[in-house]
Amino acid sequence: MADFDLFVIGGGSGGVRAARIAAGLGAKVAIAEEYRLGGTCVIRGCIPKKLLYYGSHFAEEFEEARSYGWEIKGVKFNWKKLTRNVNAEVDRLNNFYYELLDNAGVSLFEARAVLKDKHTIEVAGKTVTAETILVATGGSPYIPDIPGAQFAISSNEVFHLKKLPKRLMIAGAGYIAVEFAGIFNSLGVDTTVVYRKNKVLRGFADDLRTRLTNAMEQRGIRFLFDTNLGNIEKTRKGLKITCTNGSVGFYDELLCAVGRTPNTKGLGLEAVGVKLAENGAVAVDKYSCTNVKNIYAVGDVTDRINLTPDAIKEGHAFALTKYGNQKVSPEHDNVASAVFSQPPIGTVGLTGVECQEQNLEIDIYTSEFRPLKQTLTGRVEKTFVKMIVDKKTDVVLGAHMIGPDAAEIIQGVAIAVKNKLTKAQFDQTVAIHPTTAEEFVLLKK
Ligand code: FAD
């Protein structure tokens with residue numbers, strides 16, 4: 001008999017959820033975590049990032065408050081205090097994860113685990129066996145192999161910077177790059193983004209991409225487009241960064257946010273015959289099962305939708321299917337997501353381009369306006385909302401937005417999109433006035 005019914009490798013969002021639910025359903029479960037329980041989201045992703053985002057946002061709010069009659073003097077920002085408080089909250093959540101697993105009766109190994117064969121795991125100097133193995137090892141920042149790459153930091157280190165840099169270069173233009181660009185720019189850091197294409201957020205609706213790129217530029221972020229990091233040297237004037245187009249600049253820090261790689265290296269998966277995709281992601285079926293029958297994988301390591309709620313849903317669905325006598329496959333359609341850029345983006349469903357690819361005939365509704373709050377502040381930045389509707393069925397296929405509160409608004413709209421409500425049903429809904437969200441029930445051609 002095996003030591004455990006289930007051995008989970010990785011104590012992040014997906015792994016912890018799967019372990020807890022499986023244990024609750026009566027399985028004997030162990031989990032291994034090599035760094036800190038809670039995983040990327042809690043320790044060095046969503047949570048500390050959103051807290052930094054809130055921290056940076058006060059800059060805008062102090063500025064706007066003046067137009068609302070507030071006299072603000074002597075405002076100072078203290079990076080050490082912000083990061084100390086953020087990291088204290090991370091510690092609190094980390095402790096909470098110990099409690100969660102303990103209460104669920106899950107055995108914890110605080111060490112790296114690797115597979116020896118398809119039922120055997122080596123962890124903390126021990127060899128343990130399990131009927132079923134769940135790989136939930138997440139992903140890691142990709143650092144390009146260029147001269148001087150050792151001087152770059154990734155999102156792993158950014159929460160622990162001792163000093164706020166004066167000059168920051170960020171490589172990449174995905175959501176992590178633009179979020180940190182917004183945060184540091186708002187905190188007064190001279191911020192430059194270098195990207196090999198000419199618009200941020202590849203894969204998002206084009207109108208949002210253009211608007212965010214312009215808004216970031218207007219807020220003072222410098223872009224070096226159509227070029228790449230070439231060479232990094234440490235000099236007395238700071239990091240001397242040469243790009244492939246020959247441009248040279250000096251910076252205090254370089255934050256590399258050019259992509260993430262699934263954590264499968266050295267795990268022993270290939271040796272037991274588990275199929276991996278070209279980028280190293282574990283290939284799974286709709287029940288998160290690999291080609292080896294007793295080995296499953298959930299979360300970022302499978303490179304499906306690399307977001308926390310998806311990792312959690314996948315982990316939960318795996319546990320219900322395996323130990324709960326149910327067949328549950330996590331749904332990956334109409335997943336809403338947000339970019340906590342400044343201004344933020346919220347999006348759910350299909351983009352215009354995706355509709356074209358599927359030969360769908362669509363109507364597009366858009367609205368661009370200055371939010372009421374900004375009428376007093378003089379800020380000219382506009383909010384933009386867009387809805388994509390199936391011409392034949394009137395079903396709303398996608399909703400996209402850039403502007404204040406986009407993430408909060410789109411979460412509500414996502415319920416309607418997920419449930420295939422029609423444009424007519426949106427229109428029948430009485431608006432809440434005056435809000436930005438009301439635009440979604442007032443859109444006219
Ligand atoms: P993880 O949470 O990464 O957990 C995997 C765990 O496995 C890690 O703790 C790792 O240490 C451990 N591990 C790896 N190998 C081993 C091994 N061999 N043995 C033992 N342990 C091992 N998502 C959102 O939904 N919203 C956001 O706002 C958001 N912001 C983000 C911001 C940043 C900067 C980053 C990097 C990510 C962000 N994400 C966000 C993505 C989100 O964090 C991930 O999608 C989510 O954490 C994936 O969960 P997971 O369980 O698959 O992996």
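A salt bridge is a side-chain nitrogen of Lys or Arg within 4 Å of a carboxyl oxygen of Asp or Glu. By this criterion, a search of the whole structure finds 23 salt bridges. The model is predicted: local features need pLDDT of at least 70, side-chain atom pairs count only at pLDDT 80 or more, and totals for chains, interfaces and linings use all residues. Residues are numbered from 1 along each chain as its sequence is written, and side-chain values use heavy atoms, with hydrogens and water left out.

View 1. The closest N and O atoms of Glu-179 and Lys-49 are 2.8 Å apart in a salt bridge. Glu-179 belongs to helix α6 and Lys-49 to helix α3, so the pair ties together parts that are 130 residues apart in sequence. Helices (H or I, at least four residues) and strands (E, at least two) are DSSP runs, numbered from the N terminus. Glu-179 counts as buried at 1% relative accessibility, and Lys-49 counts as buried at 9%. Buried means under 20% relative accessible area, exposed over 50%, and partly exposed in between (1.4 Å probe, protein chains only).

View 2. Asp-252 and Arg-167 meet through their side chains in a salt bridge of 2.8 Å, N to O. Asp-252 sits in the loop between β13 (248-251) and β14 (253-256) and Arg-167 in strand β8 (residues 167-171), so the pair ties together parts 85 residues apart in sequence. Asp-252 is partly exposed at 29% relative accessibility, as is Arg-167 with a relative accessible area of 24%. A salt bridge of 2.9 Å, N to O, joins the side chains of Asp-190 and Arg-222. This pair links distant parts of the chain, with Asp-190 in strand β9 (residues 190-194) and Arg-222 in strand β10 (residues 222-224), 32 residues apart. Asp-190 is partly exposed at 34% relative accessibility, and Arg-222 is partly exposed with a relative accessible area of 40%.

**View 3. Surroundings of the ligand.** The ligand is surrounded by 37 residues, the closest being Gly-14, Glu-33, Thr-40, Lys-49 and Asp-300. A residue counts as near a molecule if one of its heavy atoms lies within 4 Å of it. Helices α1 (13-24), α2 (39-44), α3, α6 (175-186) and α8 (308-323) each supply at least two residues of the shell around the ligand. The most comes from α2, with 4 residues. An oxygen atom of the ligand lies 3.2 Å from a polar backbone atom of Ser-13, and an oxygen atom of the ligand lies 2.8 Å from a polar backbone atom of Gly-14. A nitrogen atom of the ligand is 3.1 Å from a polar backbone atom of Glu-34. Taken alone the ligand exposes 1000 Å², of which the protein buries 95%. Accessible areas come from the Shrake-Rupley method with a 1.4 Å probe; for residues, only the protein chains shown count as cover. A polar contact is a pair of N or O atoms within 3.5 Å; within protein, one must be able to donate a hydrogen and the other to accept it, and residues adjacent in sequence count only if both atoms are side-chain atoms.

**View 4. Helix α4 and its ends.** The 26 residues of helix α4 (residues 79-104) should span 38 Å at 1.5 Å a residue, and its end C-alpha atoms are 38 Å apart, which agrees. The expected span is 1.5 Å times one less than the number of residues. Buried residues of α4 include Trp-79, Leu-82, Val-86, Val-90, Leu-93, Tyr-97 and Leu-101. At the N-terminal end, Asn-78 caps α4, with a side-chain oxygen 3.1 Å from the backbone nitrogen of Lys-80. Just after α4, Gly-105 takes a positive phi of about 80°.

**View 5. Backbone geometry in loops.** Gln-342 and Pro-343 are joined by a cis peptide bond, with omega about 5°. Pro-343 is in the loop between β17 (337-339) and β18 (345-349). Ala-124 is not a glycine, although its phi is positive, about 50°. This residue lies in the loop between β5 (120-123) and β6 (126-135). Asn-325, also not a glycine, has a positive phi of about 60°. Asn-325 is exposed, with a relative accessible area of 81%.
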